[in-house]
Amino acid sequence: MDRRHLCSTFLLLLFISFFSEVNPAYFKVVNKCRHTIWPGFLSGANTAQLTTTGFVLKPGKSRTVTIPKSWSGRLWGRTFCGVDFSRKFICQSGDCGSGQIECSGSGAKPPATLAEFTLNGAGGLDFYDVSLVDGYNLPMLIVVKGGKGGNCSATGCLLDLNGACPSELRVARQNGGGGVGCRSACEAFGDPEYCCSGAFRTPDVCRPSRYSLFFKHACPRAYSYAYDDTTSTYTCAGADYVIMFCPPPHTSQKVFGARKDGALLPLVNKSMTYISSLHANGASLSGLLQLQSTVPAASFAMAIFLFWQLILPL
């Protein structure tokens, strides 16, 4: 009887272990932009590629992707895509170079806003962040659904920084029509000081630059440079995730008004909404910083109010 009991207990534990190991996570990818986007997925080293590595997502639509529980990788949005004269699929921002809608193991060409995940990592926790280390091309929000352990905080970069991007970092749309991305200083200039490489490869030497601070001031929870871990990496366990592109402000207010998530920094620096609206055609970084320090508080408040009124109906 004891042997039978031990055997049944062992089988039960084996079943529980197997179930917990293969139980997948679900990523709901949502497009709140006014235009079509083409999300792309790239699995990390020693991680199998997903069943889909890229797809089209029209405005207002969503798609749920099943993710293996121990997956690590990144996803991003591609914009202004189409087929060129040689019948290759190409995008003006976030292009993965595969020549197809599926990225098939290729990553995003900078600049691109990245959602990065390591599921079921150390201590059984999921680690996730939104990174601007490779630059920026779209607003993005990660919201946790369910889960426990860690802080399970939302994170992202909610503002449209393409208009406010310093002119020396700005990527213009082909044939005119505004910016499609904002490069990192590393990608723009290749300086080891900006890339945290060479003599600047350690965190005690590589410090935030005036360019990374532009991103950090606008999107306090997002990664702004290579060693921005403390305020930019979040954890949860056993969760599903919503990855939303171009999240409207009322969605964000609802998400963060409903719970205290304990994050060290706010999701949005609201003063930057005023700056981005004034610099729709790009500006120098010095001009941006000077304006931020001189605009009266009342003007900021009025601009923010008008900003909300314009976007709330979306």
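**Gly181 and the rest of the chain**

Reply: Gly181 sits in strand E11, residues 179-182. Strands (E, at least two residues) and helices (H or I, at least four) are DSSP runs numbered from the N terminus. This is a predicted model, in which local features need pLDDT of at least 70, side-chain atom pairs count only at pLDDT 80 or more, and totals for chains, interfaces and linings use all residues. Residues are numbered from 1 along each chain as its sequence is written, and side-chain values use heavy atoms, with hydrogens and water left out.

Me: Is Gly181 buried or exposed?

Reply: Buried means under 20% relative accessible area, exposed over 50%, and partly exposed in between (1.4 Å probe, protein chains only). Gly181 has 0% relative accessibility, so it counts as buried.

Me: Leaving aside neighbours within four places in sequence, which residues is Gly181 in contact with?

Reply: Contact means heavy atoms within 4.5 Å. Beyond those neighbours, Gly181 meets Pro111, Tyr136, Asn137, Asn162, Cys165, Leu169, Arg170 and Val171.

Me: Where is Pro111, and what is the peptide bond from Pro110 to Pro111?

Reply: Pro111 belongs to the loop between strand E5 (89-93) and E6. Most peptide bonds are trans. From Pro110 to Pro111, omega is near 5°, and the bond is cis.

Me: Which residues have the most contacts inside the largest nonpolar core?

Reply: A nonpolar core is a set of buried Ala, Val, Leu, Ile, Met, Phe, Trp, Tyr and Cys residues joined through side-chain atoms within 4.5 Å. The largest one has 46 residues. Those with the most contacts inside it are Phe27, Phe41, Phe117 and Tyr241.

Me: Which element gives the largest share of this core?

Reply: At least two residues each come from strands E1 (25-31), E3 (62-67), E6 (114-118), E7 (126-131), E8 (140-148) and E12 (234-245), and from helix H4 (210-218). The largest share is 6 residues, and its source is E12.

Me: What lines the second largest cavity?

Reply: On a 1 Å grid over the protein atoms alone, a cavity is a set of points where a 1.4 Å probe fits but cannot get out; lining residues have an atom within 4 Å of a point. Ala, Val, Leu, Ile, Met, Phe, Trp, Tyr, Cys and Pro count as nonpolar, Asp, Glu, Lys and Arg as charged, and the others, Gly among them, as polar. By class, this lining has 4 nonpolar, no polar and 3 charged residues. They are Arg74, Ala108, Lys109, Pro110, Ala112, Leu114 and Asp134.

Me: What is the phi of Cys152, and is the residue buried or exposed?

Reply: Cys152 lies in the loop between E8 and strand E9 (155-157). Most residues other than glycine have a negative phi. Cys152 is not a glycine, yet its phi is positive, about 50°. With a relative accessible area of 13%, Cys152 is buried.

Me: Where is Phe80, and what is its phi?

Reply: Phe80 is part of strand E4, residues 72-83. Its relative accessibility is 29%, so Phe80 counts as partly exposed. Phe80 is another residue other than glycine with a positive phi, near 50°.

Me: Over which residues does pLDDT stay under 50?

Reply: pLDDT is the predictor's confidence in each residue, from 0 to 100. The chain mean is 81, and 73% of residues reach 70 or more. One stretch under 50 is residues 9-21, with 4 contacts beyond four places in sequence. Another, with 56 contacts beyond near neighbours in sequence, is residues 274-314.

Terms used
On a 1 Å grid over the protein atoms alone, a cavity is a set of points where a 1.4 Å probe fits but cannot get out, and a pocket is an open set with protein on both sides within 12 Å along at least five of seven lines; lining residues have an atom within 4 Å of a point.
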